[in-house]
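Work through the exercises below with the sequence and the 3D structure at hand. Each task is followed by a solution in steps.

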Amino acid sequence: GYRSRAAYKLKQLDDLENVISGGDTVVDLGAAPGGWLEVAAERVGPQGRVIGVDLQRIKDLEMPGGTDRIETIRGDMTEDRTRDRVTDAAAGSVDVVVSDMAPNMSGEYSLDQARSLHLARQAFETALDLLDSGGNFLVKVFDGPDVDALRADLEGEFQYVRATAPDASRESSSELYFIAKGRLTGPVREGD
Ligand code: SAM
């Protein structure tokens, strides 16, 4: 079994759209407790790498074949210094950025939705900083105001964008995932 029920959402999303391939380098934002990390590590295989980031500490994972391909970072993705640490850990080419980041729930939907959208925007910025040309981006957001604008911005940067609510997340009907495939250009790196 996996460390979180969320793991099954990534499985469904990846089965649907082939976001992750063998040998990929994947950056997983909002990765605790680590279910998506387990699924991503399986799917990249022994030649791939997965870097997980979360505000919470991610307890050491155990996997058949070992966990050398997994690295975890504790930090806040809204802070530049965390984003810099992720860039350093990736050390070059990144094929996939996934974000399951979600705010602490206040119970007031409009507030939680705005915070979720902010986290999705942060993830999008990180994806633009890191992803190679052709790379894929998967991001969770609570449905509501300005989600259409996010979609339009994704469509400006990727070949193909689809929104979906995986069965495994039906209980919270407001949650949707954008799958954006095939980044149109690569990041501008120093020295390019
Ligand atoms: N995908 C994970 C799994 O399979 O185990 C579950 C992720 S959980 C739904 C959302 C996570 O987003 C929480 O662990 C939370 O700490 C994290 N998060 C929220 N805001 C964050 C931020 N600013 N920076 C990093 N992580 C954040």
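**Exercise 1.** Decide whether D76 is buried, partly exposed or exposed, and place D76 in the chain.

*Solution.* Step 1: recall the cut-offs. A residue is buried if 20 or more other C-beta atoms lie within 10 Å of its own, exposed if 12 or fewer, and partly exposed in between, with C-beta atoms placed from the backbone. Step 2: apply them. D76 has 13 C-beta neighbours inside 10 Å, so D76 counts as partly exposed. Step 3: locate D76. It sits in the loop between β3 (70-74) and α3 (80-90); helices (H or I, at least four residues) and strands (E, at least two) are DSSP runs, numbered from the N terminus. Step 4: list the contacts, where two residues are in contact if their C-beta atoms, placed from the backbone, lie within 7 Å. Neighbours within four places in sequence aside, D76 touches L55 and T82.

The model is predicted: local features need pLDDT of at least 70, side-chain atom pairs count only at pLDDT 80 or more, and totals for chains, interfaces and linings use all residues. Residues are numbered from 1 along each chain as its sequence is written.

**Exercise 2.** Find the burial class of D54 and the strand that holds D54.

*Solution.* Step 1: count neighbours. D54 has 23 C-beta neighbours inside 10 Å and therefore counts as buried. Step 2: locate D54, which belongs to strand β2 (residues 49-54). Step 3: list its contacts. Step 4: consult the record. UniProt, in an unreviewed entry, gives the feature "binding site" at G34, W36, D54, D76 and D100. UniProt positions are in the numbering used here, feature names are shortened, and annotations may be inferred rather than shown by experiment.

**Exercise 3.** Describe the shell of residues around the ligand.

*Solution.* Step 1: name the nearest residues. The shell has 22 residues, of which S4, A6, G30, G35 and D100 come nearest; a residue is near a molecule or strand if its C-beta atom, placed from the backbone, lies within 6 Å of it. Step 2: sort by class. There are 12 nonpolar, six polar and four charged residues. Ala, Val, Leu, Ile, Met, Phe, Trp, Tyr, Cys and Pro count as nonpolar, Asp, Glu, Lys and Arg as charged, and the others, Gly among them, as polar. Step 3: find the elements. At least two residues of the shell come from each of α1, α2 and β2.

**Exercise 4.** Examine the backbone at P33, N18 and D146.

*Solution.* Step 1: the peptide bond from A32 to P33 is cis, its omega being near 0°. P33 is in the loop between β1 (25-29) and α2 (35-44). Step 2: N18 is not a glycine, yet its phi is positive, about 45°. N18 is in the loop between α1 (6-17) and β1, and it counts as exposed because it has 12 C-beta neighbours inside 10 Å. Step 3: D146, also not a glycine, has a positive phi of about 75°. Its loop runs between β5 (131-142) and α5 (147-157).

**Exercise 5.** How many helices and strands does the protein have?

*Solution.* Step 1: the secondary structure comprises five helices and seven strands. Step 2: their order from the N terminus is α-β-α-β-β-α-β-α-β-α-β-β.
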